Amino acid sequence: MTTSIEVIRKLQPQILVHGLHQGIIQSILDYDHLLGREVPSIVGIIARGRKKERFFWGGTEVEIPLYSSLSVVPVAVKKVVNSLVNVQSARNVKDSVIESIDSLPDLKIVDIFAEGTPERHALDLIEYGKDKNVLVVGPSSVGVLVPGVLKLGAIGGTMYDQLLDARIKNGGDVAIITTSGGMVNELIRVVTGQGRKVSFAIAMGGDRFPVLDPEEAILLAENDPETKEIVFFGELGGTDEYRIAELIKAKKVKKRIIVYIAGVVAELFDTPPQFGHAKALAERHDESATAKKEMLASVGVAVADRFDDIAKSLEQKELEAVELIDDQVKVRHKAYFMSHLSGEEDGKIQLLGDELLNTVQNNSLASLTLSVLLGKQVKSKKTIEFTDLVLKLLVDHSPNVSGAVNTMVAARAGKDLVSSLAAGLLTIGPRFGGAINDAAEAWLNGVENNLSASELISDYTQKTGIVPGIGHKKYRLDNPDPRVGALAKFAEKNGKYFNFAREVESITTTKKANLILNVDGAIAAVMLDLLTTQLKYTPEQLRELITIGFFNSLFVISRTIGFTGHYLDQRRNDEGLFRLDDSDLRYFK
Amino acid sequence: MPRRKISEYRSKKIINRVLGLNYVGWEVHEGKIPEIPPGGIFVLKVDQAVKQRFKRGLIYLNLPSTHMSDHVSILTDKGYSSLLIEPYHVHEATGERYISLVREREGVTLHYSRHGGVEIESNKDGIQGGLIADLDLKKVATETGFTTKQLEALIDIFNSQYMSLLEINPYVIEDGELKILDVAIEIDSAAELLVSEWTEADLRSPAAVLTDEEIAVKKLNNESPASFSLEVINPDGAIFLLLSGGGASVVIADEIFMMGHGKQLANYGEYSGNPSTDETEIYTDQVIKLLLKSKAKKKVVLVGGAVANFTDIKNTFKGIISVLEKHSDELRKQGVKFYVRRGGPRQAEGLKAITKALENMGIMGGVYDPSTSIPAAVKSLVKGLK
């Protein structure tokens with residue numbers, strides 16, 4: 001343990017929060033905002049569930065990425081993390097803190113929040129941290145505060161107005177060291193209420209073996225150039241204060257210490273009571289509050305007999321007014337929806353990060369379509385050209401197909417445009433028009449699981465009997481689909497997905513000549529490759545696109561044109577209600 | 001969370017087995033007497049981490065099995081629920097030795113002495129030992145009469161079962177045979193899910209007889225993720241505490257004590273860890289029950305604590321208010337006054353609500369936000385006694 005307060009004071013905090021604790025996370029972000037930071041100091045949260053979580057950022061909101069475990073945190077993030085709050089449950093504390101120290105190369109400080117961490121685990125952490133350059137505080141710690149720099153934990157408060165009331169925006173010269181988390185805010189206010197400012201505050205936690213023990217905490221304050229005075233809150237139980245006295249006697253600590261030791265009331269009890277904190281139990285006389293106070297007074301410590309004496313022992317300075325809470329923060333609320341596509345800013349409509357008209361002028365229809373579908377402006381020319389081809393190819397495939405038939409039937413029944421179009425669109429599903437997504441899933445599964453083409457084929461034929469993206473009614477090996485030929489021209493040279501699809505085709509066509517790569521399969525494979533090589537999508541991001549139905553959306557959009565055309569065509573034809581002839585429906589009795 | 005004692009029965013059972021020795025003893029729970037050999041002579045004792053059992057008359061020696069059920073009744077009538085029966089052996093109080101293991105920040109220490117027994121405190125000079133890492137176990141073995149293997153087994157069980165203190169005092173070596181006469185073990189109750197030799201049922205608290213209110217709060221504490229404690233100091237006290245926070249509650253109790261009103265303090269207790277409104281209600285109900293029973297003429301209650309980190313003041317006060325409203329007639333009749341001092345999330349709403357409620361019920365003492373210091377609020381509380 002050699003990280004000093006001065007090192008922390010110079011940090012640009014990059015915090016990882018291990019566990020999703022809304023109150024703590026929000027209060028750290030509020031403190032960032034209070035300090036006028038442009039971006040949050042929290043770079044990620046380790047928690048299962050969603051991919052990101054929204055928090056307030058002043059009066060508006062910000063997204064913080066969630067990672068399901070430390071091991072999936074991207075290397076680039078791991079590299080920059082220098083501070084960590086661990087809000088894991090007590091039994092996971094030891095392993096998760098050790099893992100964090102091991103895998104975060106720039107880590108300087110850890111705060112452990114959990115109460116009820118087994119003593120042996122805390123001792124193991126002490127032993128483990130001995131030769132590591134990381135300041136570990138806790139367990140049972142509500143945090144470490146270096147005003148103006150770092151609020152690591154709930155310390156200082158969890159509501160925006162509490163942070164203002166505490167007057168902790170700027171640093172000063174009084175260090176606060178306490179075993180009690182509940183008292184740390186009280187003490188901060190005692191200090192700042194005297195017109196003084198806090199150099200740093202640490203809640204060590206009231207466990208039997210805090211990783212950072214009182215002696216070490218006092219030395220942190222002694223060695224901190226900003227700190228002039230130290231306020232120390234201790235309790236009955238344990239003998240740490242004797243070691244502090246030794247430091248003072250040995251002149252290793254020269255700064256003025258104001259000490260309050262809680263627990264004189266224990267004298268009222270027949271058997272020594274266990275107070276709220278694990279360590280707060282005095283079985284021997286030397287562990288009692290009274291004994292510790294007398295001993296500290298004997299080495300020249302300013303012992304506060306009564307709680308008010310702490311304030312009285314501090315030189316008073318001019319008290320500055322408490323800042324008022326920003327009106328926007330006061331009325332803030334979580335929006336119902338968030339959008340990465342478009343929205344209003346200063347009364348102007350924005351689309352894909354620019355004013356609507358600018359965006360429109362800078363995009364072809366295909367480019368705009370793909371960008372809107374992916375939720376970000378796409379610039380790859382090749383991908384846009386491919387999309388253009390796909391959108392054109394899928395517009396119509398004769399009125400004989402199910403979706404078009406339904407559109408036409410509705411149109412002839414006198415339904416309006418939207419109803420007729422909806423009848424067609426609602427036909428799109430597993431057997432009609434919905435195969436691009438399934439094909440994309442097949443190619444992604446095959447490539448990412450390192451399956452051979454024949455393994456994938458047997459997987460699918462066992463499960464469903466067919467391989468998505470393979471097979472056509474009419475086209476065969478000797479009569480190839482001209483559309484697939486056109487799509488294939490866009491295939492990336494070393495496109496792993498398209499190559500895989502072709503390998504699958506080379507096996508299926510040996511079984512039956514019409515089991516060729518079809519339009520759905522080809523679009524899926526080429527698009528997967530383009531997204532990977534041109535737009536740098538990771539397999540996880542591709543998986544997400546499949547989950548949310550992106551690949552089918554290309555079909556839906558394009559075919560909407562076709563269905564609309566068929567609707568208008570039928571209305572122009574004006575043939576009246578369609579009815580099947582008796583001969584077209586066989587009745588079985 | 002903290003260190004707790006486990007029963008004498010469980011301690012002896014574990015340690016004798018680990019040392020390769022036999023142990024005979026029977027636990028008595030809730031007055032149910034187990035099958036013991038008829039015609040035998042026994043010792044019957046309270047097994048609840050109570051100190052000075054001889055002095056308090058909580059041990060019966062030389063007890064024939066025919067007298068067992070009478071004596072069990074005497075102890076259970078006194079409110080003791082966990083007893084222990086052992087065969088009665090006479091041994092002379094000579095050659096009693098001492099050995100202990102303690103978990104410290106620097107490591108586990110082992111101490112031993114040839115002069116053990118009840119006088120161990122006065123024989124401190126005879127105690128040897130230190131950090132296990134620095135000791136030569138072979139030498140310790142020759143000096144203690146344990147084998148190296150037995151010492152290793154003790155250290156092993158000490159660690160694997162998350163013990164923080166193990167005291168074998170006394171033991172004797174009779175005709176070269178090791179005999180364990182008494183064992184005390186403290187474990188780290190946070191490790192309950194990590195151990196195999198003891199469970200929650202083996203934990204013992206020194207408090208001999210609990211009030212119904214204390215039992216109810218213990219139950220609440222065991223069932224909730226938040227924490228609750230309640231200890232009755234003086235059932236006819238005048239000052240009642242309904243406080244939040246492990247540190248602040250002690251500071252407030254200290255202030256009352258330092259102002260010379262310790263004797264009037266009825267209870268110590270606290271809730272923390274952001275309890276729900278319902279849980280706060282249950283807790284408050286117990287404190288109010290104690291309060292209404294007290295025979296003190298004037299009664300005051302201090303509600304609140306320091307500036308909370310998380311605990312939602314509005315929610316917790318809502319629970320408190322609803323209980324006070326339930327008892328409002330009785331509280332007014334007894335002239336009870338409530339004093340509140342609190343800060344934290346949603347303090348403004350919480351303090352406003354409780355001010356209104358106390359005024360409406362006619363039991364207002366004073367309501368303070370964090371701009372009033374803890375001692376100032378306590379001063380005003382104490383004034384309310386006059």
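H17(A) passes H24(A) in a right-handed crossing, meaning that the near helix is turned clockwise from the far one by less than a right angle. This is a predicted model, where local features need pLDDT of at least 70, side-chain atom pairs count only at pLDDT 80 or more, and totals for chains, interfaces and linings use all residues. Residues are numbered from 1 along each chain as its sequence is written; chains are lettered from A and ligands numbered from 1 in the order in which they are written.

Back to the helices. H17 of chain A covers residues 417-425, and H24 of chain A covers 550-573. Their axes, lines fitted to C-alpha atoms over the stretch in contact, lie 9 Å apart at about 130°.

Who makes the contact (C-beta atoms, placed from the backbone, within 7 Å)? From H17(A), A:Leu417, A:Ser420, A:Leu421, A:Gly424 and A:Leu425. From H24(A), A:Val556, A:Thr560, A:Phe563, A:Thr564 and A:Tyr567. By class, 6 are nonpolar, 4 polar and none charged; Gly counts as polar and Tyr as nonpolar.

Next, H16 of chain A, residues 402-412. Its buried residues (20 or more other C-beta atoms within 10 Å of their own) include A:Asn406, A:Thr407 and A:Met408. The buried residues of H16(A) pack against H17 and H24 of chain A. Just after H16(A), A:Gly414 takes a positive phi of about 90°.

Last, the chains. 44 residues of chain B touch 46 of chain A. H6(B) gives the most to chain B's side, 11 residues.

Key
Axes fitted to C-alpha atoms, helices over the stretch in contact; angles between N-to-C directions. Helix = DSSP H or I, 4+ residues; strand = E, 2+ residues; numbered from the N terminus. Contact = placed C-beta atoms within 7 Å. Buried ≥ 20, exposed ≤ 12 C-beta atoms within 10 Å, placed from the backbone.
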